[in-house]
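Please go through the model shown here. The questions and answers follow it.

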Amino acid sequence: MSVPLIEVRNLKKYFGNATRPVRAVDDVSFAIQPGETLGLVGESGSGKSTIGRTVLRLIERTDGQVLYRGDDLAGLSGERMRKMRSKLQIIFQDPYASLNPKMRISAILGEALSTHGLHPGRAARDKRIAELLETVGLRAEHASRFPHEFSGGQRQRIGVARALAVEPEFIVADEPLSALDVSIQSQVINLLADLRERLSLTMLFISHDLDVVEYLCDRVVVLYLGKVMEVASTAELFARPLHPYTRALLAASPKPDPTIETVHVPLKGDIPSPVNPPSGCVFRTRCPHAIDVCAQAVPALDTVSAGHQVACVRKELFTMKAAA
Amino acid sequence: MSATINATAPRLVVENLSTSFPTEDGLVRSVAEVSFSIAPGKTTALVGESGSGKSVTSLTLMRLLPKTANAQVSGRAEFGTRDGRRVDLLQLPNEAIRQLRGNELAMIFQEPMTSLNPVFTVGEQIAESVRLHKKLDRAAALAHAKRMLDLVEIPAAAQRLHEYPHQLSGGMRQRVMIALAMACDPTLLIADEPTTALDVTIQAQILVLMRRLQSETGMSILFITHNLGVVAHHADDVAVMYAGRVVERANVRPLFATPQHPYTQGLLACLPGKAHAAGQPRPKRLFAIRGQVSSPLAPPPGCAFEPRCDLAVAACTQAMPPLVAIADAREARCVLRSAA
Amino acid sequence: MQLPRIVRQLLHRRIVMVSAIVLLAIVVLALGAPWFASFDPNDTAVLDRLKGPSAEHLMGTDELGRDLYARIVYGARYSLAIAALTALGSVIAGTALGLVAGFFRRLDAPLMRVVDAMMSFPDILLAIALVAILGPSLLNVVLALVLVYTPRVARVVRASTLVVRELLFVEAVRALGVRTSRILWRHILPNLMSPILVQVSFIFAYAILAEAGLSFLGVGVPPEIPTWGTMVAGSQQYAHQAIWVVLFPGLAIIFTALSLQLLGDGVRDLLDPKLKKTSS
């Protein structure tokens, strides 16, 4: 097994005061191999966005390690981390807010290039900007315009171009489709899939949309209230979900086909606050299969088969059944 | 329980609804020639993306467009009231529409935080609506409010009555919105993207709740959304909107099984959830509708979807195709389908 | 000819337009003083002292026979220069302070305590104390006023920096690895322009008034320099017999300060909603 490109070990991120912190990320571990696309799935309070930002050191972790090719990123000095950023990039959720409204596209992309000394000189830079725009499906003449002249989907493409400008190996895609119309989403999905293959990118794909995750990701981590519930390859997770939360999540996402009958009893109750998470298994307050033991200890993330891990004391409930 | 004299007459019939806004850069036709109907006890979904005009349609029907917008509205919206009259919502005087709104005609919005008044308790807000329309006194109104909170399955309803909106979670607030809407026993509920801002598991709860309320009270629902998964399982009839016009109307199953308009076909084809049947390998590329919706200030000369349509022919640029019936209870706005 | 949208909108508001015209007139008069005044402002003519407004002396003469109109027009140069330098100085210092305090969390508290300390002194007293220590001169008055107004600018800039710092595109350029200095200069500062511009116009107005007040109290510029404030100060004892000696300088102060205030209000009204739009 080669060294993972990115490895997260026992990552914790707490916000706020020390006595009652918001436990946004509470002991999360996973690894991403080079060329792999890992999906981070969860609802509000799952910590998925926080993990994305913490991995890139846009937010500083409270505890745990984030390793890039085996080296702890936290150990890097300010200047070295700055240089490292060319390898680790991010695409944001909100295409309307992620571009400086006062800068032309050429300036936005040019800044990315000059920050890391790429393609110096006016001619080389302009040429590269044109290339980047064409790579993402826009045109070279778009460089002279301002962000507000573009639609949401186009702005998202510009965001992708900016991330690609610094020639990254790893990209965190933080809900890149949520703010886009359905018909535009598939355009951007195709773009990401294309680029991923052409440029051998490794991706951490954060989303709440399970259908997109199933389409784009190789493996999936399911999060709830800052903790990992289940990890598996995409095929395995969607065919044989073992954690009650994963099963509820899959059942609750309506499939666009009226002939598929969903016999689904929705989960009761609300997502608890990350300031005051339930003791033991954080999912137990809404879990239809919770028993006394669930309140006593945080269930360990056990391996049930190759590459498939579940944090649930009752996982054997489903290991014999086919997926509902 | 709502009673209608003629139980089979549609609850709402919208005919040729058009809403235009004069702007600095020209007249924006947000909604044009929109027609659909909703049967009693049924759910009609208005499906569309940005710029489709679906939200403006619902605001126009409820007469909630801001005055400063100087909207130009034309068409008819025939509504069957509880006492059997049929009134045109667009022509009613302000006082009459106010008596209907929040009463027989209720609306819930996408963002419950901004639709609820932050300085009043939840109970007070529901009670206010009840007192206004049902003329109950304060104590009776509050008791009714508590019954409403129970109806929408809010736990510890008696306590919640005295809480403020910011103390509740997003899902709870949406339930309160529904309670507020249900308080006066509406016959038509307009739900404008009610679950879009909610988490998936909470969305499932809210949708099941709305279904249950509908079957218990027999109210009709106009469900506005862009989420085709929700439409597939919670709508009886569907009207697909594009650039301000209805481009296809059908019952839900035929629509998903055999979509007729190229836009509907494209929309369904580009969903990753429909990309492949279970067990088959993932396709390399998703279907994508090329381009984006045209600016309302520069509409294409003929069919609005033509610039993005793979099936377009010469006739598509010449005139806007009319919405024509192509089969039983099916309509499509496309020259390729109307020869039937 | 299509003027930029902001200018068009500004011109729609009549009051703003009037203020702008008045200010323009004052600036033109100040700059072109030698052409507009037929007399030398320092020429004394004791025989002509305290003459009322006439065809020859448009605004009359003061207690030393100097033409009031000339003194006002030349005085505009000094008053406007002092106010402009004050506005410039306090905006530069205040922005630097506010930007650093707002952006660097660890420096925020100590810098703001300094600012709080500066703000706890009433403006005029602080200015008086500083001029008393440093001695009366044009530059010292500017220095004193800059010290008085810098904290106000710093507060406003800090508040805006705190907001802009959290905007998504700022996080985006951090993620690119753009250097902090460039982030401050190229991304944060341009988005602070609206509140800064508003502050500039208000400080300009306050400075005109403050300088007039200080000079009136005798702790401003030396009396030989003809600012509007020194004119009022020097001639105040003759006010009851020759009201014009204080009326005209007083009106000049009022009109200039008022126009600046109204212009500042107009600019702020225009820019505020725009600021909200860009940050959402």
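Q: What distance separates the centres of domain 1 and domain 2 of chain B?
A: This is a predicted model, in which local features need pLDDT of at least 70, side-chain atom pairs count only at pLDDT 80 or more, and totals for chains, interfaces and linings use all residues. Residues are numbered from 1 along each chain as its sequence is written, and chains are lettered from A and ligands numbered from 1 in the order in which they are written. Domain 1 of chain B covers 115-183 and domain 2 covers 261-332, with bounds from an automatic or database domain assignment. Taken over C-alpha atoms, the centres of domain 1 and domain 2 of chain B are separated by 43 Å.

Q: Why does chain B count as compact as a globular protein of its length?
A: Chain B contains eleven helices and twelve strands. The radius of gyration is taken over C-alpha atoms, and the globule rule is 2.2 Å times the number of residues to the power 0.38. For 340 residues that rule gives 20 Å, so chain B is as compact as a globular protein of that length because its own radius of gyration is close to this, at 21 Å.

Q: How many residues of helix H11 of chain C are buried?
A: A residue is buried if 20 or more other C-beta atoms, placed from the backbone, lie within 10 Å of its own, exposed if 12 or fewer, and partly exposed in between. The buried residues of H11(C) include C:Trp228 and C:Met231. Helix H11 of chain C, residues 228-235, is mostly covered, and the buried count is eight of eight.

Q: Is B:Ala329 buried or exposed?
A: B:Ala329 lies in the loop between strands S11 (324-327) and S12 (330-332) of chain B. Its phi is near 60°, a positive value in a residue other than glycine. Because 10 other C-beta atoms lie within 10 Å, B:Ala329 is exposed.

Methods. Helix = DSSP H or I, 4+ residues; strand = E, 2+ residues; numbered from the N terminus.
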